[in-house]
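I opened my notebook to look up salt bridges in this structure. Here are my entries.

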Amino acid sequence: MKNVIKISVLFCLILFSKQLSSQNIKNNPNSNHGNKFEQLGTILPDANTYRTASGAPGHQYWQQRADYEIEATLDEAKLMLSGKEKITYYNNSPDPLKYLWLQLDENEHRPDSESNHFNGSKIDTPATTGQMKQLRIREVLKGLGVQIISVKDGSGNALPYTINNTMMRVDLPKTLKAGKKTILHIEWKYNIPDRMNAGGRGGYEMFEDGNALFTIAQWFPRMCVYSDFQGWNNKQFTGRGEFSLVFGNYKVQFTAPADHVVAATGECKNLKQLLNKTHWDKWQQAQKSNVPVEIVSLNEAINKETNPVLQATKTWKFEAKDVRDFALGSSRKFIWDAMKINIDGKDIMCMSFYPKESYALYSRYSTKAVAHTLRVYSKFTVPYPYPVAISVEAANGMEYPMIAFNYGRTEQDGSYSADTKYGMIGVIIHEVGHNFFPMIINSDERNATWMDEGLNTFVQFLAEQEWDNNYPSSRGPAPQIVDYMKLPSEQLEPIMTNSENIIQFGPNAYAKPAAGLNILRETIMGRKLFDYAFKEYAQRWAFRHPTPSDFFRTMEDASGVDLDWFWRGWFYDIEPVDISLDSVKAFTLVRGSVRNTAPDTIRNQPYAADTFRHISQIRNLAEGRKFLVDTDTTLRDFYYYYRPENDPYVPYTLVNKNEALEDWTNESFTPYDGKFYYELHFSNKGGMVMPIIIQWNYKDGTSETEYIHAYIWRKNENKVTKTFMKDKQVLTIKIDPYRETADIDETNNIWPSSEFRMDRFELFKEKRTIRGANNENNPMQKSMQKGN
């Protein structure tokens, strides 16, 4: 029989707690409640031979194709564009088609367009210019809209057509069978809108010097998408939900005033005939340069402004393969620079076109921002497949294949603010980044805006962090949506809401999806699993038409992480994150007697870091990542060296009572001796389940961050308790210290709070055996089991 050693043990239990008033979680009537961890099941469409349950295209996947040959003329004097096109449409579907649908987006500007009248309006005091302009919208838009001159088949026979606002149905003389093609010839014209007045993406901007800058976009009749999951997508264009388009090859001849410089989707095939020898030599130089080369200089552009060519014209010939759209920029005001980069063995020309009003910013940053965008996006998605990428300064932001319209004007003396600089770089990254979402990974913008805007905004954030680890967005996407998530439920909709029905468009379609993806990457999945799955999605659906379910399924299939709970809460629901640390019980197990000295005071002081850093910044530095502003120091300006102090992170720090331990004995030592035990009580006040991120700040000045998986909520979605054993005494605890989860109330994330009070209890146990440490009646063992 084993000897039983009897010892006298004093358990000294020190309890710290803060009392928080209980708060019931009110169910949102619009929420998709039920068990938050159930699989999505019937919420997602059934898998089939076109789209698999893994999220990949099926073995019978198909999509349509449309090739375009276009001739167009810009009449600068009349502010008119006229054109004719030949469309070769391939029916790759298994379905016979009696008619075809085309998009007439410029009809958005017709005075009687429904999108100009179906929104409510009111007059504020004082009234804004925009409000007053809306009252005379018919006058502002007078004379705008597409005029269809003719629609003919491949033999030149007229075809019947019906125009319904921004959509046109062409009735075919005979059914277009599966696997066959047909040809349409369409002639049209329209008055180019003043986009600074009429709004919209395409149009002209007239400068004070009397010269115009034209953005030619959504300018030709384009085929609608016919797909396996919705048939014809002929949902009207109202100006918000953007485009659903078909891939094809383009040959475009664009005639413009002879002194205009034209930027466009694709490669210019007659550039040598268009340029003089000086410009051609500079173009040849740019094709070998890794820094921007000015092909058309500032002085040349200024000279053309004062000496315009009004009669002569030139025709620019462009070709583009495997694109879903085509756009142009045209102006005599353009300065033009270019440089070459190489991605995955392919040479790409990065270019910028801009007026003198943005010279100080664009000449320094624009083309380098284009190159940076392509490199970063290619790393996270697919290698950039096109031969050119263009940034055009046009006082707005909009994207098309290989060309993007951006903003970035300086003051008259060439000076600019930090907001203008970083806003310009951000919008260039964003709009050029749209080459990947949705120009390559070709989602349906009309119905699921978040699939291009949200995913693109997320990768934009990654690109900004690789530009400079202290870029203004470095605090991460999550903190930016907290104010939005705090709004009343009637002002919120799920991310999955159709584009036209979204109330808070920017937060819902851009910021919240981007924040969600960053939470997946940094907090839930980890960078390695997330990056692999995200890239797999891009590779699977490059040059195809993905749906939300394809994205959801691929992210799970490629990572092995069950994310249905996250899609359900973040994308299909509107509940915010608000995890509260309601109370903490602290236990210490000691032997011998305790002598208490006078308590020190609670005080506020910075802890662990002087300034707040987002978790992505910390990990970027830990990975030894190199940033563009360090490898290319020409990008550093005044705002690089002058950085306003960040808001200090000032948690509560507690200096506890000093406890002198006497008569310590190592007799019958157990692994529990000298440890510190903390029982944490959490409540889910917001409703959205999320991992619990705990920062332990220790008495010795060190800190530790611990991640608890969201599955901790699976058995009780409202409250949970967990106990931890620590080697060191804890002074403060903070939940979500790096603001990763968009928690809407940080005041309940800190222990101790300002209402902290300390109580002291003593628990005596007269006898204990070594075996008793594992005895179910052991009070220490009970307290530990309770938290688990």
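Is lysine 728 buried, partly exposed or exposed? I looked it up in this predicted model. Lysine 728 is partly exposed, because its relative accessible area is 31% and buried would need under 20%.

Next I checked its partner. The side chain of lysine 728 forms a salt bridge with that of aspartate 700, at 3.3 Å from N to O. Lysine 728 sits in the loop between β33 (719–726) and β34 (730–735), and aspartate 700 in the loop between β31 (692–698) and β32 (703–708), so the bridge ties together parts 28 residues apart in sequence.

Then I turned to a helix. Aspartate 281 and lysine 277 join their side chains in a salt bridge of 2.8 Å, N to O. Both belong to helix α5 (residues 277–286); they are four residues apart, so about one helical turn separates them. I noted aspartate 281 as partly exposed, at 36% relative accessible area. Lysine 277 is exposed, at 64%.

Which parts of the chain does the pair of glutamate 575 and lysine 36 link? I found their side chains in a salt bridge of 2.7 Å, N to O. The pair links distant parts, 539 residues apart. Glutamate 575 is in the loop between α14 (564–571) and β25 (579–588), and lysine 36 in the loop between β1 (7–17) and β2 (65–75). I noted both residues as buried.

Last, I looked at the whole structure. How many salt bridges does a search find? I wrote down 44. I also found a network of salt bridges, which links Lys379, Glu466, Arg521, Glu522, Arg527, Asp531, Glu623 and Arg625.

How values were computed: Residues numbered from 1 in each chain as written. Predicted model: local features only at pLDDT ≥ 70, side-chain atom pairs only at ≥ 80, totals over all residues. Heavy atoms only, no water. Salt bridge = Lys/Arg side-chain N within 4 Å of Asp/Glu carboxyl O. Helix = DSSP H or I, 4+ residues; strand = E, 2+ residues; numbered from the N terminus. Buried < 20%, exposed > 50% of the residue type's maximum accessible area, 1.4 Å probe, protein only.
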